[in-house]
Amino acid sequence: MHSLNIFCHEFVVAVSFVACIVGLVLLWDSKQQKNDVEETERILFRMSFTYWLVYCVAFGIEKIVLPDWESVLMTLRITTALSYFLTFSCIVSLPLHKFAVHRVEE
């Protein structure tokens, strides 16, 4: 049962890796936004996708790297933890930003 959970997590990370790339491609827009609020939201979305992409890459490399390379594994674990928390902070910042903009408009 434990190996099934690990496989499921690895599958979800692989699918989310592809979803992040698709999300970044969809957000890639060379024209400048005229509205600062929309531009801030777009940047927060880009940051969320990018940080999660870093998490997916570090997670994948961690699974591939030989267990003998302890210093590399520790660096990858720190990278996955930091990118996980940065992704979380960006996702939390999106509704907080919308709430702050809504309060200013009132």
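Tyr 55 and Phe 59 are both buried, where buried means under 20% relative accessible area, exposed over 50% and partly exposed in between, with a 1.4 Å probe and protein chains only. What we have here is a predicted model, with local features needing pLDDT of at least 70, side-chain atom pairs counting only at pLDDT 80 or more, and totals for chains, interfaces and linings using all residues. Residues are numbered from 1 along each chain as its sequence is written, and side-chain values use heavy atoms, leaving out hydrogens and water.

Start with the rings. Tyr 55 and Phe 59 sit four residues apart in helix 2, about one turn of the helix; helices are DSSP runs of H or I, at least four residues, and strands are E runs of at least two, numbered from the N terminus. Their ring centres are 6.0 Å apart and the planes are at 20°, so this pair is stacked. The rule is that rings of Phe, Tyr and Trp (its six-membered ring) pair if their centres lie within 6.5 Å, and planes under 30 degrees apart are stacked, over 60 edge-to-face, the rest tilted. The count by this rule is five aromatic pairs. Among them, Trp 52 and Tyr 55 are stacked, because their centres are 4.4 Å apart with planes at 20°. One aromatic cluster takes in Trp 52, Tyr 55, Phe 59, Tyr 84 and Phe 85.

Now the charges. How many salt bridges does the structure hold? Three, taking a salt bridge as a side-chain nitrogen of Lys or Arg within 4 Å of a carboxyl oxygen of Asp or Glu. Lys 98 meets Glu 41 at 3.7 Å, N to O. That pair links distant parts of the chain, with Lys 98 in helix 3 (residues 70–105) and Glu 41 in helix 2, 57 residues apart. Glu 41 is buried at 17% relative accessible area.

Arg 77 meets Glu 62 at 3.3 Å, N to O. Arg 77 is in helix 3 and Glu 62 in helix 2, so this bridge ties together parts 15 residues apart in sequence. Arg 77 also bridges to Glu 70, with the closest N and O atoms 4.0 Å apart.

Is Glu 62 buried or exposed? Buried, at 18% relative accessibility. Arg 77 is partly exposed at 38%, and Glu 70 is partly exposed at 44%. Beyond neighbours within four places in sequence, Glu 62 contacts Leu 73, Leu 76, Arg 77 and Thr 80, a contact being heavy atoms within 4.5 Å.
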